[in-house]
Amino acid sequence: MAESNKMHLETVIAKDDFASAGEASSKVKKTLTMLGVAPAQIKRISVAMYEAEINAFIHGGGGMAYTDVYPDRVEILIEDHGKGIEDIELAMQEGYSTASEEVRMMGFGAGMGLPNMKNNSDNLTIDSRPGEGTKVRMCFNIGN
Amino acid sequence: MTISGGRPAEIPAELLSKEKFHSVRLDRDKCQGCTNCIKNCPTQAIRVRNGKAVIINERCIDCGECIRTCSNNAKKAVTDSLDDLRNYRYTIAVPAPALYSQYRTARTRNGILTALKKIGFDDVVEVAYGAEAVSNATRQYLKENTLQKPVISTACPAVVKLVQVKFPNLIDHLLPLQAPVEVAADMARKKAEKESGFAPEEIGVFFISPCAAKMGTKYFPLKGTKSSIDEVISFQDIYIPLRGVLKTLQPEQEEDLATASIYGVRWPNPGGESLALDINKFISVDGIKDVVGILETIDNNADDKFGDVDFMECLACKGGCLGGPLTVKNVYVAQVIMKGMRSEQNGRYKVAELPGMDVDYHDYLWDRSPEHIPVDKLDTDMVKAFIKMEKMEEIRDSLPGIDCGACGAPSCVALAEDIVRESATITDCVFKLRERVRELANEMFELEGVMPPTLERKGVIGERTRNPDTHHEGGGFR
């Protein structure tokens with residue numbers, strides 16, 4: 001699990017199970033709280049991670065979340081093997097969404113996911129190929 | 001010594017020595033060391049040690065859930081005594097509105113208020129009246145300020161402490177205004193100073209309380225000056241003396257003391273505070289488990305629909321203050337009685353609209369914000385916290401995961417945490433203890449077959465009968 005200077009966490013992002021959507025970010029949040037990360041940092045990390053997790057859940061058919069906590073930063077990789085993003089630049093625009101009506105009815109798919117990830121993280125890279133899946137990497141500087 | 005709840009930068013030494021900052025206590029003689037309270041505590045603030053429950057002060061939010069769930073009545077709230085009336089020359093009773101729900105035989109609010117005077121108070125000021133002032137101030141505040149939505153009511157002190165302990169990111173949602181009891185106590189004190197002719201220290205303001213957490217408010221108010229509350233008397237302690245007077249009180253003896261309208265009187269019911277605000281987009285949540293659930297939902301961004309909710313009432317007790325741990329009547333019986341008490345009997349009460357009290361919300365603002373109390377932090381050094389976290393997970397995985405509570409912690413995860421915090425050991429788990437006993441028994445059995453070299457041995461010379469590979473096996477945590 002942990003080397004002396006970091007903590008590694010792996011969480012499964014479930015598929016088709018709304019009851020467990022958001023569990024990965026909730027678990028990371030609990031861990032960061034116990035590690036003593038400042039509440040304001042935890043807030044932006046969990047907002048960004050929640051968005052990425054929900055995207056992997058809705059568009060990616062589930063996947064994995066890998067979190068590395070260092071004393072000065074938190075790195076998160078969310079990986080799915082779903083349909084991928086056709087045009088990342090377009091997807092980054094606020095309000096742009098490809099979510100189905102059904103998903104929107106559940107309160108998701110407002111087109112704020114990627115912008116929220118960008119606004120709450122210090123570094124965001126998206127690696128995606130249509131038909132193969134998406135990797136979202138986010139880095140958060142947490143001081144110390 | 002640890003302190004629960006927000007506190008001023010400097011705590012007067014005499015308060016610490018009195019240890020009154022924390023109201024929920026244990027009666028050691030009555031405690032049977034069972035697991036009811038540890039299982040029901042919403043902040044996992046209780047452990048059983050040496051056969052008795054122990055409250056972890058910084059985790060306790062004084063919600064009173066353990067008082068309710070203890071089947072041996074071993075949990076109680078420390079409050080003041082009616083005998084303290086003798087310590088003042090002029091006394092004012094400040095009853096919480098839920099008091100009106102405790103007397104089936106009382107005809108009117110004025111009857112109950114008159115009875116308070118008859119048992120020794122010089123004057124009465126209704127908390128319900130203070131509540132209406134807070135409602136007016138809240139309306140103003142919400143009009144002129146933008147807080148994070150939903151704005152969370154701060155009338156319930158246990159909820160404020162819960163946010164401090166578990167939801168630091170929701171501190172920005174808290175309505176930063178004094179609670180009705182504090183406002184009413186201020187009104188009572190000012191009125192007494194003006195009318196009685198006695199010096200401030202000769203005047204005693206007595207809050208009549210259904211609530212365990214209000215005792216903490218008395219010692220650690222969210223304002224710069226001392227609280228205006230001098231003493232807190234529980235409903236349970238005043239129930240019998242007051243009932244005695246009410247039994248013989250004639251209608252013509254009732255003084256016209258009630259000043260609050262229906263808005264203030266129904267404040268302690270779930271939804272009462274919101275209805276007095278005259279807003280539509282509010283929700284009201286009562287019962288500490290439901291409150292924790294809804295705050296978790298908001299904190300986890302799990303439903304952004306909450307951004308549309310203007311105001312949220314959270315009350316630690318099921319049924320609001322009528323279900324307070326220091327009440328006497330069953331909460332539903334209390335609701336029925338309360339309905340009679342808040343109606344416009346014989347046109348006695350002014351119920352048209354919230355009285356236009358001359359209120360400026362600035363007068364009610366907190367002087368300090370409640371601070372985060374980081375009870376979950378494993379270590380101040382993050383690298384040390386990594387190590388503890390890793391060890392904690394390792395221990396958790398080795399535990400049976402059935403959360404039986406026999407170790408004195410509410411769950412296997414909590415025991416794992418206690419072990420890395422060095423307040424418990426692995427053999428506190430009965431299953432791990434049993435494993436350990438079996439290992440030792442096996443070891444003894446093996447050793448029993450070993451003979452000293454000077455005695456005759458079975459087998460070939462030089463070969464030990466015990467297998468050195470198994471000797472140190474399965475040591476694990478000791």
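Is the crossing in which α2(A) passes α5(A) left-handed or right-handed?

A: α2(A) passes α5(A) in a left-handed crossing; a crossing has this hand if the near helix is turned anticlockwise from the far one by less than a right angle, and is right-handed if clockwise. The model is predicted, so local features need pLDDT of at least 70 and side-chain atom pairs count only at pLDDT 80 or more, whereas totals for chains, interfaces and linings use all residues. Residues are numbered from 1 along each chain as its sequence is written, and chains are lettered from A and ligands numbered from 1 in the order in which they are written.

Helix α2 of chain A covers residues 39-58 and helix α5 of chain A residues 113-120. Helices are DSSP runs of H or I with at least four residues, strands are runs of E with at least two, and both are numbered from the N terminus. The axes of α2(A) and α5(A) are 8 Å apart, at an angle of about 150 degrees. Axes are lines fitted to C-alpha atoms, for helices over the stretch in contact, and angles run from 0 to 180 degrees between N-to-C directions.

On the α2(A) side, R44(A), V47(A), A48(A), E51(A), A52(A), I54(A) and N55(A) meet G113(A), N116(A), M117(A) and N120(A) of α5(A); two residues are in contact if their C-beta atoms, placed from the backbone, lie within 7 Å. These residues divide into 5 nonpolar, 4 polar and 2 charged. Ala, Val, Leu, Ile, Met, Phe, Trp, Tyr, Cys and Pro count as nonpolar, Asp, Glu, Lys and Arg as charged, and the others, Gly among them, as polar.

Another helix pair, in chain B, may be set beside this one. The axes of α14(B) and α15(B) come within 9 Å and cross at roughly 135 degrees, which makes α14(B) oblique to α15(B). Their crossing is right-handed. K388(B), K391(B), M392(B), I395(B) and R396(B) of α14(B) make this contact with residues of α15(B), including C412(B), V413(B) and A416(B).

The contact between the chains takes 23 residues from chain B and 22 residues from chain A. On the chain B side, these divide into 10 nonpolar, 5 polar and 8 charged.

Key
Angles under 35 degrees count as roughly parallel, over 145 as roughly antiparallel, 65 to 115 as roughly perpendicular and the rest as oblique.
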